[in-house]
Amino acid sequence: MHSGRCFVLQAFQNNHSPYTEVEQYTARYPEIPAGSMKRVYNSNMAAVDDAIGVMRQTLTEQHKKFGNKTLIVFSQDNGGPAKMANNFPLCAASIQPFWL
């Protein structure tokens, strides 16, 4: 018997190497110097934000199927690369155990 339940996992790789720039998103941040990692990071997060917005809109349009029974969970990996990211208050960096 069909329970009417649905599970979707969307894994975004936008802010992992190789880092890429897409003009559609970097153009949103003219105040950040072109080619800087901050601009690349912000533009990649804008792409993630847009994709999540599309998923939410689709769920809203399909309210007869999903109604008020949808849970969206955001999660992240274990931090940025060592010496390039501030992972505070967590210890260590990506690819290292948490407790170092």
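Aspartate 50 has a relative accessibility of 26%, so it counts as partly exposed. The cut-offs explain the label: buried means under 20%, exposed means over 50%, and partly exposed covers what lies in between. This is a predicted model, so every value here is computed from predicted atoms.

What does aspartate 50 pair with? Its partner is arginine 28, and the two form a salt bridge. The closest N and O atoms of the pair are 2.5 Å apart. Aspartate 50 sits in helix H2, while arginine 28 lies in the loop between H1 and H2, so the bridge ties together parts that are 22 residues apart in sequence. Arginine 28 is partly exposed too, because its relative accessibility is 40%. How many salt bridges does the structure hold? The count is one.

## Overall layout

The protein has 100 residues. It contains three helices and zero strands. Read from the N terminus, the order is α-α-α. Helix H1 covers residues 23-26 and helix H2 covers residues 37-61. Helix H3 spans residues 63-66.

Buried residues account for 17% of the chain. The accessible surface is about 8,600 Å². Carbon and sulfur atoms supply 58% of that surface. Contacts across the sequence can also be sorted by separation. Of those between residues at least 6 apart, 28% join residues at least 24 apart.

## Helix H2

H2 is 25 residues long. From its first C-alpha to its last, it reaches 36 Å. That is close to the 36 Å expected at 1.5 Å a residue.

Which residues of H2 are buried? They are Arg39, Val40, Ser43, Asn44, Ala46, Ala47, Val48 and Ile52. These buried residues pack against H1.

Is alanine 27 buried or partly exposed? It is partly exposed, because its relative accessibility is 41%. Its C-alpha atom lies 8.1 Å from that of serine 43. Along the chain, alanine 27 and serine 43 are 16 residues apart. Serine 43 is one of the buried residues of H2.

The C-alpha atoms of alanine 34 and glutamate 21 are 9.9 Å apart. In sequence, alanine 34 and glutamate 21 are separated by 13 residues.

## The segment before H1

Alanine 11 is found in the segment before H1. It is exposed, because its relative accessible area is 57%. Where does the chain come back toward alanine 11? Serine 75 is 9.5 Å away, C-alpha to C-alpha. In sequence, alanine 11 and serine 75 are 64 residues apart.

## Confidence in the model

The average pLDDT of the protein is 77. A score of at least 70 is reached by 68% of the residues. Which helix has the highest confidence? It is H1, at a mean of 89. Confidence is lowest in helix H3, where the mean is 75.

How values were computed. Residues are numbered from 1 along each chain as its sequence is written. This is a predicted model: local features need pLDDT of at least 70, side-chain atom pairs count only at pLDDT 80 or more; totals for chains, interfaces and linings use all residues. Side-chain values use heavy atoms; hydrogens and water are left out. Helices (H or I, at least four residues) and strands (E, at least two) are DSSP runs, numbered from the N terminus. Buried means under 20% relative accessible area, exposed over 50%, partly exposed in between (1.4 Å probe, protein chains only). Contact means heavy atoms within 4.5 Å. Accessible areas come from the Shrake-Rupley method with a 1.4 Å probe; for residues, only the protein chains shown count as cover. pLDDT is the predictor's confidence in each residue, from 0 to 100. A salt bridge is a side-chain nitrogen of Lys or Arg within 4 Å of a carboxyl oxygen of Asp or Glu. The expected span of a helix is 1.5 Å times one less than its number of residues.
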